Amino acid sequence: STLCHTTISKANEVVAFGLEMKDTLDGLSADGTLQADKFEIIKDLVDGDRIREATALAGELGDLALQCVDKSQDMMEAIELGIDSLPDIIEDRIENKMERAAKKGAKDSDPNLPDVETHTRELQTLVTNVEDVNLFTVMSSGKMAFDGLRAKGEVCQDMFSTVRKFSEDVSEVSDAIRNFTLKGLDIGAMKELVYDAWRCLRLSSLIQQFSEGVGKIIKWIINLFKRASEKLGSIWGALARAKDILGDCVQYVVECIRLCNDAKSRSGELCDLSAEIREHLVNIVTFDRDAIASIKDLSDGDEIRRAIQLATTMDDIAKECIEQILVAIRKVCAAIKSMPDVLTEGLDKEPKQIEVSGGTRAISFGVDDDDDDDTVPVDGVDISGDVDELDGMRVAIEEANVFESVQKSSDGFDGVKAKIGLCGDMIIQSRGFADHCDTAIKSFGGAWDLESAQNHILELFEIVSLGKLIKNYVKEIKKLVRANIALMEAVMNKFKDIDFVPDQLEDFVEDVGDDLKDWCGLNVRVCAVSVAVCGILWHYYSKQDYTPLDPG
């Protein structure tokens with residue numbers, strides 16, 4: 001009886017645990033959705049200390065059931081020995097003890113043995129459901145598993161209560177047998193003693209049957225506990241890790257967005273400055289009225305140096321942007337790789353198209369996070385033709401003579417403006433990719449339901465795919481920026497040794513122009529430019545190694 005009391009107490013704890021787990025899962029998804037910040041709570045529930053304690057408790061319950069079986073066997077053996085010790089006149093009436101006890105010692109009120117096979121099959125089904133769980137069934141399977149644990153725990157509780165009642169009845173009946181004496185023996189007392197003996201045997205047999213049955217059920221309860229902990233725990237744990245990793249990635253994506261904004265601002269400034277420099281060069285080439293001012297503005301090289309510095313800063317920003325996005329790609333790829341296969345099984349892994357950054361982009365399912373992988377994504381960009389165009393302009397400038405160099409430089413800065421404008425467009429697209437990544441991260445960390453669950457897993461692949469696109473775009477931007485820097489440096493190097501026009505020459509030209517205007521009304525602009533050209537030619541040929549013509 002004491003043993004039965006202990007088993008009932010522990011069975012009650014198993015029932016309470018199953019009920020607690022199911023109620024908790026019901027509460028977390030009461031409206032049909034589940035917030036991502038609850039993943040960790042569920043993971044701890046299904047794979048934490050609490051379920052390990054419950055599994056250990058079920059194990060103890062199984063041990064107690066075995067002890068009950070052993071005790072019932074001991075009890076039957078003791079009863080048979082007791083019967084053997086009765087006077088022959090009574091013992092002879094109790095032949096084939098156990099075979100006949102089921103009929104001779106039974107009562108109409110005796111409970112029937114529960115259908116243990118049905119209960120074990122139902123538990124086996126729950127275990128199979130847990131084994132076959134996927135993204136869409138992880139919540140429902142968990143609820144059914146723990147509700148099944150509660151229900152089967154109640155069955156065990158009832159069976160142990162029955163065993164205890166049987167044990168108490170055996171105690172009462174065995175007392176009657178022990179207190180039996182031959183004194184005053186009559187037929188009625190003899191029949192009652194025989195019935196008591198049959199009853200003891202019947203009750204002992206029932207105790208054994210119920211204990212063995214509950215032992216079989218508990219075996220599957222333990223199995224369900226373990227599989228639920230392992231399988232459901234791995235899934236909820238992977239989702240919780242992915243949610244935490246994406247939360248950590250926000251900082252890198254936000255920084256990438258900031259860098260894109262910074263680079264776009266500088267590209268606009270560089271476009272304006274390139275246009276300004278080109279305008280100066282055009283003024284010189286066309287002998288514009290502003291040619292002298294343009295020559296003076298360009299002669300110190302400050303504007304070109306500032307343009308080079310802007311481009312160099314853009315290159316540094318691009319490098320930092322790549323580093324930030326690579327960290328995010330590595331982290332998200334690690335999250336995907338750590339996921340159980342069941343979370344990605346059933347996904348249609350054909351390339352998908354999503355609307356992003358003003359167009360459609362292909363989403364791939366690769367998780368290669370190799371930093372040195374320069375494979376161009378499906379929707380990647382290749383600006384090698386633009387780089388070749390800039391390199392051609394640079395070579396033309398480097399090979400130009402002093403007369404051609406201004407025109408070539410003008411063409412070059414026209415190219416700089418166009419290509420930096422292209423960089424600006426690519427930066428805007430990269431910023432759009434990063435914005436989409438930020439949206440996907442926030443979505444993954446939001447509400448989940450059966451309809452959106454698979455889309456949330458797809459969001460991980462979207463982030464990786466768009467991250468790789470950002471890396472590709474920014475790498476191409478770097479190539480383009482560096483080609484622009486090389487071109488501008490070629491212009492700088494071409495003119496660094498030419499002192500275009502001394503300040504005194506400008507004053508001289510202005511004085512000559514005023515005199516000529518007063519004297520003959522000639523166009524001061526033509527005179528000024530003529531003198532400027534003479535100055536350029538004089539400075540150029542003064543540096544050449546040649547023999548003057550014979551004045552004769």
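Helix H10 passes helix H13 in a left-handed crossing, that is, the near helix is turned anticlockwise from the far one by less than a right angle. H10 covers residues 302-337 and H13 residues 453-495; helices here are DSSP runs of H or I, at least four residues, numbered from the N terminus.

Before going on, a word on the source. This is a predicted model, where local features need pLDDT of at least 70 and side-chain atom pairs count only at pLDDT 80 or more, while totals for chains, interfaces and linings use all residues. Residues are numbered from 1 along each chain as its sequence is written, and side-chain values use heavy atoms, leaving out hydrogens and water.

Back to the two helices. Their axes, lines fitted to C-alpha atoms over the stretch in contact, are 8 Å apart and form an angle of about 160°, on a scale from 0 to 180 degrees between N-to-C directions. H10 is therefore roughly antiparallel to H13, a label for angles over 145 degrees.

Now salt bridges: a side-chain nitrogen of Lys or Arg within 4 Å of a carboxyl oxygen of Asp or Glu. The count is 21. One of them pairs Lys152 with Glu122, with the closest N and O atoms 2.3 Å apart. Lys152 lies in helix H7 and Glu122 in helix H6, so the pair ties together parts 30 residues apart in sequence. Lys152 is buried at 7% relative accessible area, and Glu122 is partly exposed at 38%. Buried means under 20%, exposed over 50%, partly exposed in between, with a 1.4 Å probe and protein chains only.

Technical notes: Helix = DSSP H or I, 4+ residues; strand = E, 2+ residues; numbered from the N terminus. Parallel < 35°, antiparallel > 145°, perpendicular 65-115°, else oblique.
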